[in-house]
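User: I am new to this structure and would like to go through it step by step. Please keep the answers plain.

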Amino acid sequence: MSNKQNRSNPIEALLEKQSVVLLDGALATELESYGCDLDDPLWSAKVLLEKPEAIKAVHASYYRAGADISITASYQATIDGFAKRGLSEEEAVTLIRKTVALAGEARDEVWKENPERPRPLTAASVGPYGAYLADGSEYTGHYGVTDKVLYDFHQPRIQALVEAGADVLAVETLPSLQEAKVIGAILQEYPSATAWISFTLKDGQSISEGTPLKEVAEALEGISQVAAVGVNCAPLEHAAEALQELGRYSTKPLIVYPNSGEDYNPETKTWHGSTSRLDFHEQSSIWYAYGARLIGGCCRTTPAHIKKLAEMWKS
């Protein structure tokens with residue numbers, strides 16, 4: 001029996017009920033508004049140790065704004081990263097699983113307020129190897145490591161997130177096709193798991209490492225557990241072109257959750273520029289025209305952005 005026959009696809013189920021599935025926006029941006037200091041290699045995962053109730057509150061704010069899916073705080077929560085803080089593997093796995101529990105608790109509480117809406121989902125974030133390195137290489141993909149290094153890094157976290165009961169895996173901000181292929185192989189070890197895979201961009205035609213989007217789409221097309229493919233943490237000006245290119249070569253639903261419109265400098269870790277030349281929610285109609293069916297925001301977006309998307313797509 002194939003993997004596809006062994007599992008249900010929660011993304012497909014939502015898309016059968018509505019034309020667009022809305023994701024949440026930035027987690028870190030909102031956590032800072034709760035007084036959390038994210039200037040740390042663990043980034044939002046640091047808050048798991050210090051103020052987990054803030055993470056739950058942010059998830060709830062996005063679900064209330066209209067998000068159908070909220071992405072967990074596990075982007076930077078890795079076995080290796082926590083080990084550098086002196087945590088055992090068992091303690092690290094417990095914290096990784098906790099990210100799913102926090103999102104699930106927020107979802108259930110908000111859903112009780114409006115049980116008429118389709119049941120929202122939790123998406124367990126699987127960030128790239130470069131995020132653990134905390135050197136900006138998630139924007140270049142030039143790791144120079146073997147498949148085994150990537151497998152050994154990703155497999156324990158994916159196992160913990162699947163066992164924690166996440167509805168879907170959000171394999172996000174990948175700059176490398178090699179990394180995507182390794183994760184695709186890991187998914188086959190967990191036939192019940194469904195994932196999306198989204199990439200950072202060099203430009204509208206290629207992912208950060210320079211691999212053409214055509215090659216990316218074709219490589220992921222045959223992996224049935226990958227329920228959607230697309231881009232995130234990308235400049236607004238590249239999003240539409242990238243979706244158009246992916247749509248030429250992929251039959252999967254496309255996903256897009258770009259940044260607010262500001263530019264990020266990975267060396268200074270600061271943002272610059274205007275938030276957007278066109279309202280974020282207005283641009284979503286362009287993304288939809290190019291095949292995007294899962295739409296949300298990444299860095300510097302807020303519940304206000306998601307609320308406007310909800311007003312546009314759910315009114």
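Analyst: A definition comes first: two strands count as paired if DSSP finds at least two bridges between them. The model discussed here is a predicted one.

User: How many bridges join β9 to β12?
Analyst: Strand β9 covers residues 254–257 and strand β12 covers residues 292–295, and the two run parallel. Pairing needs at least two bridges. The number joining β9 to β12 is 3 bridges.

User: Which residue is the bridge partner of V256 in β12?
Analyst: β9 spans residues 254–257 and is joined to β12 by bridges. The partner of V256 in β12 is I295.

User: What is the order of the strands in the open sheet of 8 strands, and which strands stand at its edges?
Analyst: The sheet is open and its pairing is parallel, with the order β1-β12-β9-β8-β5-β4-β3-β2. An edge strand has a single partner, so one side of it is left without a neighbour in the sheet. The strands placed this way are β1 (21–22) and β2 (69–71).

User: At about what angle to β4 does helix α10 run?
Analyst: Helix α10 is formed by residues 177–187 and lies across β3, β4, β5 and β8. Strand β4 itself covers 168–174. The angle between α10 and β4 is about 165 degrees.

User: Where is S125, is it buried or exposed, and which residues does it touch?
Analyst: S125 is placed in strand β3. Its relative accessible area is 0%, and residues under 20% count as buried, so S125 is buried. Leaving out residues up to four places away in sequence, S125 touches I71, T72, S74, Y75, R157, L161, A170 and E172.

User: What does helix α5 reach from its first C-alpha to its last?
Analyst: Helix α5 runs over residues 52–65, which is 14 residues. At 1.5 Å a residue, 20 Å is expected. The helix comes close to that, reaching 20 Å.

User: Which elements do the buried residues of α5 pack against?
Analyst: The buried residues of α5 include P52, I55, V58 and Y62. Just after the helix, G66 takes a positive phi of about 120 degrees. The buried residues of α5 pack against α3, α4, β2, α7, β3 and α14.

User: What is the phi of A134, and is this residue buried or partly exposed?
Analyst: Most residues other than glycine have a negative phi. A134 is not a glycine, yet its phi is positive, at about 55 degrees. A134 sits in the loop between α8 and α9. With a relative accessible area of 31%, A134 is partly exposed.

User: Where is C233, and what is its relative accessible area?
Analyst: C233 also has a positive phi, near 50 degrees, and is not a glycine. C233 lies in the loop between β8 and α12. C233 is buried, with a relative accessible area of 9%.

User: What is the radius of gyration of the protein?
Analyst: The protein has 14 helices and 12 strands, and its C-alpha trace spans about 50 × 50 × 45 Å along the principal axes. For 315 residues, a compact globule would have a radius of gyration near 20 Å. The value for the protein agrees with this, at 18 Å.

User: What share of the 315 residues counts as buried?
Analyst: The accessible surface comes to about 12800 Å², with 48% of it belonging to carbon and sulfur atoms. A residue counts as buried when its relative accessible area is under 20%. The share of the 315 residues that counts as buried is 57%.

Note on methods:
Residues numbered from 1 in each chain as written. Predicted model: local features only at pLDDT ≥ 70, side-chain atom pairs only at ≥ 80, totals over all residues. Heavy atoms only, no water. Helix = DSSP H or I, 4+ residues; strand = E, 2+ residues; numbered from the N terminus. Contact = heavy atoms within 4.5 Å. Axes fitted to C-alpha atoms, helices over the stretch in contact; angles between N-to-C directions. Expected span 1.5 Å × (residues − 1). Buried < 20%, exposed > 50% of the residue type's maximum accessible area, 1.4 Å probe, protein only. Rg over C-alpha atoms; globule rule 2.2 N^0.38 Å. Areas by Shrake-Rupley, 256 points an atom, 1.4 Å probe, with all protein chains shown as cover.
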